[in-house]
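Colleague: I am new to this structure and would like to go through it with you. Could we take it one residue at a time?

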Amino acid sequence: MELPPPGPRGIPPLLARLVDDSALFPPSEASMADALAGYLDHRAGEHAGVQGVFLCPASRLPEMITELIKIRPKEPLPLSLIIDTGLGGVPKAISIVESREELLSLRMVEMPAPSDVDEVWLERVSEFVPEDVHRVVEPRRGVGWLDGVRNVIEHGSWPKIRCGGLSTENFPSVDEVADFLAVVSSAPGAAFKATNSLHRAVRHAAADTGFEHHGFLNLLVAVGRSLSGGNVREALASTDGEALAGEALGLSDEASKAVRSVFACYASATFDESVADLKGLGLL
């Protein structure tokens, strides 16, 4: 994956276009109007260069288009289409997006994989999604999970790792994340996307549930270590924000670009919280 150029106002390469907007999804579950307004406000703001694409379920495309017609954005909205209508619904959804190119710019298509992630299914994904659009496929964690990750990569798609959710089962262990990173970082040209419960930079226990949340800064540092032969599990388990930030700041532009060529982006329902953490740690 070619890394997007740094954003406005000197956003460093490690953070450029890092945070995709999932305000429509839990825990935010914002209305369409509020989610779009928030995204466009951030797009015009000081930290616009950190912002990635806007995530919208395929089932809500008509609603989104109706709101965008009211808003009349100056530029087409960079979109990741989340397929919640089954693989068979992909061609129609993409056709709808492409018919509204004055409003929408399709950058990414994301979908869950079937349990066996078979080659026929992956070939259909490749056929349905245009070559200039990133295909993101989420293999289900469990027996044979990493084989599914390898199959996704071999078919030219990005594997997606879900880092949390509404129950403890949704949170992969440090070892599971480390094993995932080992597979992706060892495959030439491979990249991944992360999602769920990653709005905070540093690993922490949530005050309301006690769940141990992974941090997106932990992931950035862990990928850097994976590429350089360092201790990946230590980076993923760390709760020392200052140490993680110091290591991230110590990465050269070349090393930062290498990290982001593997860790493409992550989805967050709370862009402001992610930015606040980065500012608090001296990374912005």
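Colleague: Where does K160 lie?
Modeller: K160 lies in strand β6, residues 158-162. Strands are DSSP runs of E with at least two residues, helices are runs of H or I with at least four, and both are numbered from the N terminus. This is a predicted model, in which local features need pLDDT of at least 70, side-chain atom pairs count only at pLDDT 80 or more, and totals for chains, interfaces and linings use all residues. Residues are numbered from 1 along each chain as its sequence is written, and side-chain values use heavy atoms, with hydrogens and water left out.

Colleague: Is K160 buried or exposed?
Modeller: K160 counts as buried because its relative accessibility is 7%. Buried means under 20% relative accessible area, exposed means over 50%, and partly exposed is in between, with a 1.4 Å probe and protein chains only.

Colleague: Which residues does K160 touch?
Modeller: Leaving out residues up to four places away in sequence, K160 touches E110, V136, V137, E138, P139, K193 and T195. Contact here means heavy atoms within 4.5 Å.

Colleague: What joins the side chains of K160 and E110?
Modeller: A polar contact of 2.8 Å joins them. That term means a pair of N or O atoms within 3.5 Å; within protein, one must be able to donate a hydrogen and the other to accept it, and residues adjacent in sequence count only if both atoms are side-chain atoms.

Colleague: Turning to H155, what is its place?
Modeller: H155 is in the loop between α5 (145-154) and β6. It is buried because its relative accessible area is 18%. A polar atom of the H155 side chain lies 3.1 Å from the backbone oxygen of N151. Beyond four places in sequence, H155 is in contact with E119, L122, E123, S126 and R135.

Colleague: What about the peptide bond from P26 to P27?
Modeller: That bond is cis, with omega near 5°. P27 is found in the loop between β1 (19-21) and α1 (32-43).

Colleague: And where does E29 lie?
Modeller: E29 also lies in the loop between β1 and α1. Its phi is near 50°, a positive value in a residue other than glycine. E29 is exposed because its relative accessible area is 55%.

Colleague: What is phi of N196 near?
Modeller: Phi of N196 is near 70°, a positive value in a residue other than glycine. N196 is in the loop between β7 (192-195) and β8 (204-205). With a relative accessible area of 23%, N196 is therefore partly exposed.

Colleague: Now K279: which helix holds it?
Modeller: K279 lies in helix α11, residues 271-280. At 45% relative accessibility, K279 therefore counts as partly exposed. Not counting residues up to four places away in sequence, K279 touches H47 and L284. The C-alpha atoms of K279 and E101 are separated by 35 Å, and the two residues are 178 residues apart along the chain.

Colleague: Last topic: what does the chain average in pLDDT?
Modeller: The chain averages a pLDDT of 94, and 97% of the residues score at least 70. pLDDT is the predictor's confidence in each residue, from 0 to 100.

Colleague: Where does pLDDT stay under 50?
Modeller: It stays under 50 over residues 1-8, for which the model has 23 contacts beyond four places in sequence. Where pLDDT is low, the predicted coordinates should not be read in detail.
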